[in-house]
Every structure is written in C-alpha cells, then in structure tokens.
Amino acid sequence: MLSLDMAVDPMTLVISSVQELCTRIAKGAMELQDEAEDVMIDKESFRQFSNYISEIKILLQTLHAGRVEATVGSTSTKETLQALESQLREACKIIEKYKSGSRLRLLLNCESVLSQMGQLALEIANTVSLLGTANLNTVLSLKSKIDQIVGGLQSMEFKYAAKTEAIVSEIERLMAQNGRNREHTVRLLQKVAEAVGVGQNASLVRTELELLKQEKEEMEAQKKQAEALQLSQLMQFLNSSGLASGRRGERTAASSLQDPTPFMCPLCNEVMEDPVVINCGHGFERRVILEHFDRGERTCPICGEELQSLDLIPNHTLRSTIQEWRQRDMDAKLHNAVAAIASDDPDVVNQALEDLQDLMKAAQYRAAVTEQKIIPRIVELLEGTSDVTTKAALKCLCYLANYSDDNKEAIAEAGAIRYIMKHFYRGEVEPDAVSVLIELSQKEALAEQIGKATDCIPFLVSLLQNCNPDISQKAEKVVENLSYNTHFVIKMAEARHFQPFVIRFSQGPQETQASMALTLLKMQLDDNSMKIFEDKRFVGPLVRLLSSSSPACKSACLQTIKKLSVYPGIAKQILAENATIPDLLGLISIYSSEQQWKQIAAEAITSLVEASDLSDFQTNSKLQELHSEHNISVFLNFAIGSVPQTKAQFWRLLLMIGNKSETARNLIRTDDSAMAHLFSSLNEDHPEVTRQTLKLIYCIANNHPDGVPLPPSPAKEAAINALVAIFTRSPDNEDRSMAAGIISQLPADDTAIDGILRKSEALKAIREVICTADNDRDMGFNASMAPDGSLLENALAALLRYTEPTKPDLRRQLSELELYPSLVRVLSRGSSIAKQRTATALAHLSQSDISSVSSSSITVSTRDSFMSLLWLTRHLPNTSWCCSSSPAWQWGLCSVHGSVCSSRHEFCLIKANAVKPLVKTLSETESGAAEAALLALESLLKDDNTLLRAATEIVKSQGVVGILEVLEKGSLPAKEKALDLLQKISEHIDIKSMFRRSERILIQLLHDESLKKKAALILRQMDVISKQSSYF
C-alpha cells in the first residue's frame, strides 16, 4: 500500500480530478441556467444540481484531509471515486454539448436533456452514498453530510415549464406542415427567442441556420439519417420566417411576399434553380439529388421509399413559379435596401449595400436604383472608416457609373473623387476605387476634375507599378483616359511616365509640341527614361519643328534636340530623319538667323556627330554633307568671326567632325588662314576656346606624316612658344597634355623648330611631368595626371624629339638633366603607351657613340673582369651584376662596353639598369610596347665586338624568356622583331639547352608563312633542322 506522505499520491490525483470535474459541472450548469428563462427550463432544478455538485467538491476535500483511505477499504474508495469521476464527466459532456449547439435544437431536445440529467443525478447519488460505507472511519458529521447530498440528488426532478412544452409542440406541428403560415412562424420565433434568452433578429436566425447546417452535415457523415432529417426540417422552419435574408427591425409591408419554403430543396434548404421530381413524387434541386444518388443512395431522402428508377422529371411549372417569386423578391429587396441605406446602423447599411450590389448585377435594377436618387448617400458612405462599408459603396458606384453619364456626373458632384483620393493618401487602394475613376474619366469634364485633383496624376502613375495586377491595369486605363490633356501628360512625364507624353506630342499641333518640348527641357532625364523618346512618333514631329515658321517653335525644337542628342539612341533616331542635318545647316548658313540659334544648332550637330559611328559618315549622305568643303568653310568662317563662346562651340563642332572624317581634317589643315587663326586663338583669354583649339590642332596633326601644319614665320615661332607656354604654365592638366601632344607632332626635319624648343622651357616641363609621375608611386601615374592619363604619355612623345640620334644638340641638353633613372622607372609603372614611348626613347638613346667600340679599346683588366663575370654568370645565373652592386660597376666599368660608356653624358642601357625593365615590358601586348622594348634591346647587339657580352646580359636578365613569350602571344610585327633578336643571341648562346621550350615554340612558328624562314634559321643554328631543309 502506498503511503499518503509520499510526494506523488495516486489517490490524491483521483480526488483532484474529481474535484476539477465538480467545478466544471457546477460552472456549466449555472451558465446554462443563467442563459435561460423560466419558460424554457426549471431554473431551480439546475440551481439545486449545481449546489449539490459544489457540496460534493467540499466533501471530497474533507475526506482527503482526513485520509479516509489510509487504513481500511482503500481499494473500494478508489473504485468509488473513479465511478464518480466517470459520471461527472458524462454530465459535463451533456451540458457542454447542448450549450455549444443550436439553441433551437436545444429547445426541441430539452426533454431528452432533462431526462439524461435526472438519470445522472440518481447515479451520482448512489455513488456518493458508497463513500460512507467504503470508509468505516468516517466521522459522524461527514456521514450526515453524505446522507444529505444523496437524499437531495435522489429527490431532484428536472422539468420544463408548460409554456416551453407548448412552444415545442407548436414547432413540431409547423415543421410537419412545412411552415406554410409565415406570420405564425414569425410570432412563434419571437417566443422561441424569449425561451432561449435572446432578442429576435436576422443575425440570430442566420447564425442558427449555420449551426444547423453544420450539425446536419455531421449527422449525414455519421449516417444518422433521422437526426439529419430533423435538422433539415428545422432549417426549413427558420427559412419560412423570411428573417434569414432580412435586416434588423421589422419588415415593411412590401417585404411580405409569398413564403419561399415550397421552393426550397429539402436537402440543401436553398431555393431551387432546376427543380426535378423523383420516382416517389418528392421534389429536389437537380444538382443536390444527383449528389445524393452519386453517394450510392437508392432511397428517397424524405420518405425513405426504395426507388425503382433514378430518373429525374423536370418540374417546369414550379420553375416558372420560382422565377416569378424571385422577381417579386428582388423588387421587395430593392424597396427595403433603398429605405435601409439611410439608417444609422452600420449593419443595416452594409446589408442594404450588399443587396444593392446583388440587384445591380442586372441592368434593369441599375436603372431602378438610379431612379431612387441615392447616389449622394452612397458617396457619403465613402467618408467612413469601415472597410466593409467603403468596399460595398465603391462596388455600387461602379455599377451606377457604368450605367449612364448622368450617374457619372452625380457621383462626381457628390464628391466621390475627393473621397477616393483621401483613401489613396491613407494607402487604402481598392481596385473598385480605381474602377470608379475609369468610369468617370470617360467623360471629359469629369476627367478634368480627376486630373486637377491634388497629386492625383503622380499617384496614378505610382499605381502603374502596383503589385496587384488588377490595380495596375486599371490605373493604366485611367491614365490613358486622361492623356487627351496636354497639361496632364506633362504631369505624367514629370512623374516618370513618358509614354502618354510621346503619343500626345505626335498628335498635337506645332504650338502644343513646342510647349511640350520646353517643359521637357526642365525635366531631369536619365538613360532609362530616355529610351521612350527613341520612338519615331516623337522624333519625327520634333525634327519637323525645325522648319516651322514660328520662331518659338523653332527655338523650342533646337533646344530640345540639343538636350536629347547627348543620348546615343535618340541621336541615331534624329539623324535617321532626312531633314535633320539640312535644317540645322540652314539655321547656321542663313544670314538672317538669330546668333543664338546658330550656336544652339552647332551644339546640336556636335552632339549628333559625337553620337554617330565612324561608319555612319560613310553611309549617311546627310552626315557626309557636314565634311563638304563648303560646310567646313562655313564653320571655319563662322568660328573666326564669332565671340569666344560661339568660337569655342564651332571649334568643338569641327573637332567632332574631324575625329570622324579624314576629309575634314585635310580641309582644315590645308586652309592656311584657318590654321593661322587657330594658333592665334591659343593666346585668347578664354579657357574653353584654348581647350577646344588645342584639341582641334591635335586632331589635325595626330598620326599625320607631315605633323602640325604651322604657319610661316614669324607666326611659327609665336605658335610654338604659345604651345610651350601652355605646356609649362597651364593649371589644367588636360590642356598641358594636348599642348605636349601637339609639340610631339611638330615637323621632325625642321631645324628651326629644334632651335626654338632648345631655347624654351619645354624639356624642363617634360622632366617635371616624368619626375612627378615617378615620385607619385602610391597613387599611380594616372591619378596625378590628366583625367585620361594622357599627360605623361604625351610628355614622353614630346621627349622623343630630344632622343633622336640625328639631333645631338637636343640630346646633349637632355643628358644634362639626369632624367634617365626616372625614365627607366616608367617601364615598371607606366601605362602601355607610356612604356612604348619610353622604350622607344631608350632605343634612341642607346644608339650613341659607344655603338662602334673597337676591341682594342677594352683593356686587359676589362677582359679579365669580363671572363670572371662570364664564369659567375654561368654558375650563378640568378645574380644581378650590372648597375647595382656588381663587381663590374664597383670597378667603374660596364660589363658590355667597359670604360667607353663611363662618361655621364653617354647613355648606356646596362649602366642605366634598363635591361630588366625592358625585358618585363615584353609582356605588354598593347600599344606596341613590346616592339619598342625589342628595338631597345636590339640596340645592344649592333656592335660585333660587344655582341657576346650584350647577349649574355640579355640572357641573364631573363630576356630569352620574354622573347619566347612574345613569340607565343605577341603581334606579328613584335614576333618578327623577337625572331631577329633571338637569332643574334642564339649565334653566341646555346638557348636550346638553356630554354627547352624554345624548340617547341619555334617549330610551331614554321606553320606561319611570314615567320617560318626566320624561325627555321634559328632552328638550324640549334641543329634542329638541317641546312638542306626546304624552309631555306
């Protein structure tokens, strides 16, 4: 036996469970009793039952405290308590079941409920009486308490009042008659409502119908046909009252129509659409009875008769009667809805709106509702905060607006647009609200009101991107309806919706187009938004404005073309119009044109040319007119005679044309007057004129064999000094870069130019640029130079004149600046172009007097040193010897030239530590840098006396590796030079054993027609192919 002192006592658990049940039963019984009136259930009976249950709970607490099971009869006590627990659970189940179900069904089953409760009271009494006999130790007072509870429960009588019995009988009678007397049914329902303790209203009836329908489905699922039939009859009884589809309050006389019960299917309790009769004579909705048969049933759901046939007979007479009844019912519904919509009760109003929606699905009732003049009231309902009311009102307004223009005006006049916009501002966007705007916007006068509403158009444009496709598509329709108005489409464009703007522009008169073009100038446009303007419907009318007789139209068009031409897609469309170039040229050529128009026209042409491709100048006949001799002359003359701002624009126009047309460049450079004026423009105190002049001169001179077309002296000296002044003193790096580029293009064979440059500060400026780039190691060359990184590149190009072997005076001037170390470092950190120009300069410098060194000029000690160096090279190939801490440099001698290049005025690639940077430059595949580096390295091999030592230096600096890389990846000219260099090296160095992949690379080159002979020559030197090979 378990001790009562243990932490977990099984008996304690049982008593606790029973006590909890007592609490639930007492509470449930009191709730059931409190919710009912005396006419339904004897209130006193439930109160007594609840009290006795509460006393049982107290009794159990007392028994537990006295440890009634501690000694004798503990097993009997446990079984008694378990029995009591089971009985109390059953009582709890009965009460909770009928509390949660239909009240009407509870009323009908009241007798059964009370009978069950009476039987349970007796069983509980008998069980409680056993507690006294099971516990012999029970004190006398407890035995007396038990006897009192048992006696009370045994004497209880659950009953209902006579009124309740009469109501139940009347309900059963009406159910048997199918509720034919509607007025009597309504009065009876009033008594039912009193019996169950609630007020009579449509909401209650609908709730009861839902509960009954749910219970009926449960009974059918459990195959309890009798219970399901009773529930079906109850539903018919409720439907016969007509309250289920009504509103709060009393129905008007107009709603007292024929009872719909005869038209209702007894299975689904809905008015039939397609009534049929089965074999036994009962009628049903076709769909419902077919579902009954599909479940395998072969009996009538009403009478239970076994059906001999499952054939269905259409009931045409009943169908016609139902249709007539429906018509009368809809008329009554309209009458009631119109009256109810003025109510202050939200439920009444919502029901009225719901009824109106249903009615107005038919066109005839839209007319009927219109006649009732209730549009202002429906619009007024939009001002409320109820979502349900707002949605219903909007739906009604959609139907009404769709019906007639008069309704549209009435809706707008009542303030619907204002109310809808308020909802939009609050973020409450309903599809039906946009639908109302669609209907209203179909009438122009009302569309004006919508478009003028504050922020309406921007908001509509934002709705075009709404995630709800119904809203976005409807918003698009409203926007389309508003697009007839120019002011509205401008607002749309300002909100970043340009399609209506384009369409309206294509359809409007020229005055309208000019106005729209001016507004477009004020808008902030981007690449994405500009794609829409590539439409021919926009570009064509815009270009035609150029030929307008209206100055305002012409001016607006010019400014718009100027703005839009910076976008390549639009520029191409504008150029595609045949009239564009002739009309713009006409504005420049015609003497009477406004000066401002000429400049704007030049700007527009400039943008169009800049956006065009080089091929366009070959295929577009209109563009070809631009670089005709006549037009180039017109542009030059206009620039020469214009104010600085206009001059700068025409220089830029000529620059853009010159960039695309060699014809234009030649026409300009051969016009001596124009060139003289160009160079004189360099001295003007106008930065933009200077910049555009420099760019145009550079464009004309760049890559031309004759270089810059300078004017004759003394203007030539002035021109060169002006260029040097800009290069040395301008604060603008772009201008300096252009000036350096032009200096690099000055005629090479003009010694007078050499003299002018030697006297100028040009070389010092070149040194300053190179040294500045050299010192700016952290940021890199491009960051500190011109925006396009060209200042260093053009300075190096200008330096090439000073490195020419044929210009000793300039070379001597260069050697005095100690520029070589910085120049060599450009090879490591410059751009590809900078490396190419640096390598070219080093190649020039390397071709000095030391190129013809005789063998006798090398001293014995030099030869000994060289032999030692050669030995170290073969055994320590990775050691650097020249121009650092090598023995040769420590002895003051060059490992290739000995003492010949010891003078500081003599340049030597070895002494300048330039070989390794040149070798690294061989990996550059762009801008000819590798070719220039090969030329520089080859300059070391010009003298047969020093060829072996020079080849050794190149090999030691990984030169062969770089050469092989060129042969694999370089351009054809670079490969040719690399083969020449490799041939000279292979004559003295065994590259086959040192560089095993060289053989494979050279063999691959045998398949290249232009390279195979040179490759074969090297392979022969390597003993890979014979002298009799067909490659020779």
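In which helix is the place of T646? T646 sits in helix 35, where helices (H or I, at least four residues) and strands (E, at least two) are DSSP runs, numbered from the N terminus. This is a predicted model, in which local features need pLDDT of at least 70 and side-chain atom pairs count only at pLDDT 80 or more, while totals for chains, interfaces and linings use all residues. Residues are numbered from 1 along each chain as its sequence is written, and side-chain values use heavy atoms, with hydrogens and water left out. The chain's secondary structure comes to 57 helices and three strands.

**The chain as a whole**

- Of the 1032 residues in the chain, 52% count as buried, where buried means under 20% relative accessible area, exposed over 50%, and partly exposed in between (1.4 Å probe, protein chains only).
- Among the chain's contacts between residues at least 6 apart in sequence, 69% join residues at least 24 apart, a contact being heavy atoms within 4.5 Å.

- F293 lies in helix 11 (residues 286-294), and F293 counts as buried because its relative accessibility is 7%.
- Leaving aside neighbours within four places in sequence, F293 is in contact with I278, R298, L307, L310 and L312; the C-alpha atoms of F293 and L310, which are 17 residues apart along the chain, are separated by 7.9 Å.

- Helix 12 (residues 316-340) has 25 residues and reaches 35 Å from its first C-alpha to its last, close to the 36 Å expected at 1.5 Å a residue, the expected span being 1.5 Å times one less than the number of residues in the helix.
- Among the buried residues of helix 12 are L318, I322 and W325, and the buried residues of this helix pack against strand 1 (275-277), helix 13 (346-359) and helix 14 (363-371).
- Helix 38 (residues 687-701) has 15 residues and reaches 21 Å from its first C-alpha to its last, close to the 21 Å expected.
- Helix 38 is mostly covered, with 12 of its 15 residues buried, and its buried residues pack against several helices, including helix 35 (644-660) and helix 39.

**Pairs of packed helices**

- Two packed helices are described by the angle between their axes and the distance between the axes; here axes are lines fitted to C-alpha atoms, for helices over the stretch in contact, and angles run from 0 to 180 degrees between N-to-C directions.
- Helix 39 (residues 715-729) and helix 42 (residues 762-775) pack at an angle of about 30°, with their axes 9 Å apart, and they are therefore roughly parallel to each other (angles under 35 degrees count as roughly parallel, over 145 as roughly antiparallel, 65 to 115 as roughly perpendicular and the rest as oblique).
- In this pair, V724, F727 and T728 of helix 39 meet A762, A765, I766 and V769 of helix 42, and by class the contact has six nonpolar, one polar and no charged residues (Ala, Val, Leu, Ile, Met, Phe, Trp, Tyr, Cys and Pro count as nonpolar, Asp, Glu, Lys and Arg as charged, and the others, Gly among them, as polar).
- Helix 56 (residues 997-1005) and helix 57 (residues 1012-1021) pack at an angle of about 145°, with their axes 8 Å apart.
- E999, L1002, I1003 and L1005 in helix 56 meet K1012, A1015, I1018 and L1019 in helix 57, and the residues of this contact divide into six nonpolar, no polar and two charged.

**Backbone features**

- Most residues other than glycine have a negative phi, and most peptide bonds are trans.
- A cis peptide bond, with omega about 5°, joins S713 and P714, and P714 lies in the loop between helix 38 and helix 39.
- N269, in the loop between helix 10 (225-239) and strand 1, has a positive phi near 60°, and N269 counts as buried because its relative accessibility is 7%.
- K373, in the loop between helix 14 and helix 15 (375-380), has a positive phi of about 60° although it is not a glycine, and K373 counts as exposed because its relative accessibility is 68%.
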